[in-house]
Amino acid sequence: MVETWVPGAAGSSYDVDHLPYGEASAPDRDDWWIAVRVGDLALDVAAVVDHAMLSPLLRTARMHLLLRSGPRLWAQLRTELVRLLTDPACRPEVEPHLRPVEEIELELPFAVADYVDFYASEHHASRVGALFRPDGDPLPPAWKHLPIGYHGRAGTVVASGTPVRRPTGQRGPGDVGPTRRLDLEAELGFVVGVGAEEPVGCEALHRHVFGVVGVNDWSARDLQAWETRPLGPFLGKSFATSISGWITPLAALDAAWVEGPDQDPPPPAYLCPETPRGLDVDVEVVLNGRVLSRPSYASMYWSPAQMLAHMTSNGATLRTGDLFASGTISGPRDDQRGCLLELTDGEGPWLADGDEVVLRYTAPSTGGGRLALGEVAGTVLPAR
Ligand code: CA
């Protein structure tokens, strides 16, 4: 890899083999702009890229056009950014458009079209199943035949840093009040760039998915338990979902792909049973500064490509800005549980007002180090 001239960036988690995208604002500017992080600095991309095809995508200051432009232009932009950030001759023109990340605010990085949340960890689904159905099979009958999911609420997906208000709802028959069982769920989200009118095969993940974000799928367990049968999660989930401000492009994760677990029984052909591939992403769940657990995304049963193939397999169209998340990332070990429901065996303690949850993610980089994916932070506000 060619070394960058950006001070402090070479060998860091934000070297030029990463280059995550965000939508930025700052107190001294009255606009938004597309930013790329390099080292501890954020680059105003539109200010430095001078290119007939790329510049029009960037001038809107919104990620939508870039997302829908597709893999060829995504790759061209990445190549151009690497050139600008590594060629010393470019430094005089580029450096004035870099500023410390502390000086910018990250907005929601893209307009979320639809939001689908899966349930792809066997360890999570088994533990939750055993808690909710102690006398039955921990996994529902369809679980190993298809990636189970539900449609979430796109309009309440919020950027990392946005405070989350404790929801109020039905905790049981005739019992209305603030949730007593507020929980976090550490997940990984996939951002759809290119839409589709037809089912998307497993082999087409890279043609449609632009990148990944960290996701905290906040959950009110008492509301969820009472409302969820038979149609699935509703108000126990829809009050807020936090995502990271930075999107790590899929192109930065080339070194992170790993073989998935054996799938038995083999799923149907449209779910490509021969090639399930996961991502070697390590997660850290932090509550009020203390690490609660370290789940690994590599242990997920269903792959991102299988989730994408499944959610379009019935003919449902795919749109730019669709977000699909993995479901809680939990591994086999006790210290790899990705939510309080599992960490406390359903007993609590749950999240208190004022608690701060931070999710951190790392993955191997193509340069040999480790990328730090965008973190997801949120603080609990008291109920209204
Ligand atoms: Ca979830």
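Me: In this predicted model, buried means under 20% relative accessible area, exposed over 50%, and partly exposed in between. Is R91 buried, exposed or partly exposed?
Reply: R91 has a relative accessible area of 31%.

Me: Which residue meets R91 in a salt bridge?
Reply: The side chains in this pair come to 2.9 Å, N to O. A salt bridge needs a Lys or Arg nitrogen within 4 Å of an Asp or Glu carboxyl oxygen. The partner is E95.

Me: Where in the chain does the salt-bridge partner of R62 lie?
Reply: R62 meets E23 at 2.4 Å, N to O. R62 sits in the loop between α2 (55-59) and α3 (63-69), and the two residues are 39 apart. E23 lies in strand β1 (residues 21-25).

Me: Is E23 buried or exposed?
Reply: The cut-off for buried is under 20%. E23 has 3% relative accessibility, so E23 counts as buried.

Me: Which residue forms a salt bridge with R337?
Reply: R337 is buried, with a relative accessible area of 11%. The closest N and O atoms of the pair are 3.1 Å apart. The partner is D345.

Me: Which residues coordinate the calcium ion?
Reply: The donors sit at 2.2 to 2.3 Å. In sequence they are spaced D-x67-E-x1-E-x29-D. They are D117, E185, E187 and D217.

Me: Which residues are linked with E185 in a network of salt bridges?
Reply: E185 is buried. E185 also coordinates the calcium ion through OE. The network links E185 with D183, D217, R221 and K237.

Key: Residues numbered from 1 in each chain as written. Predicted model: local features only at pLDDT ≥ 70, side-chain atom pairs only at ≥ 80, totals over all residues. Heavy atoms only, no water. Donors = N, O, S within 2.8 Å, 3.2 Å for Na, K, Ca; no water. Buried < 20%, exposed > 50% of the residue type's maximum accessible area, 1.4 Å probe, protein only. Helix = DSSP H or I, 4+ residues; strand = E, 2+ residues; numbered from the N terminus.
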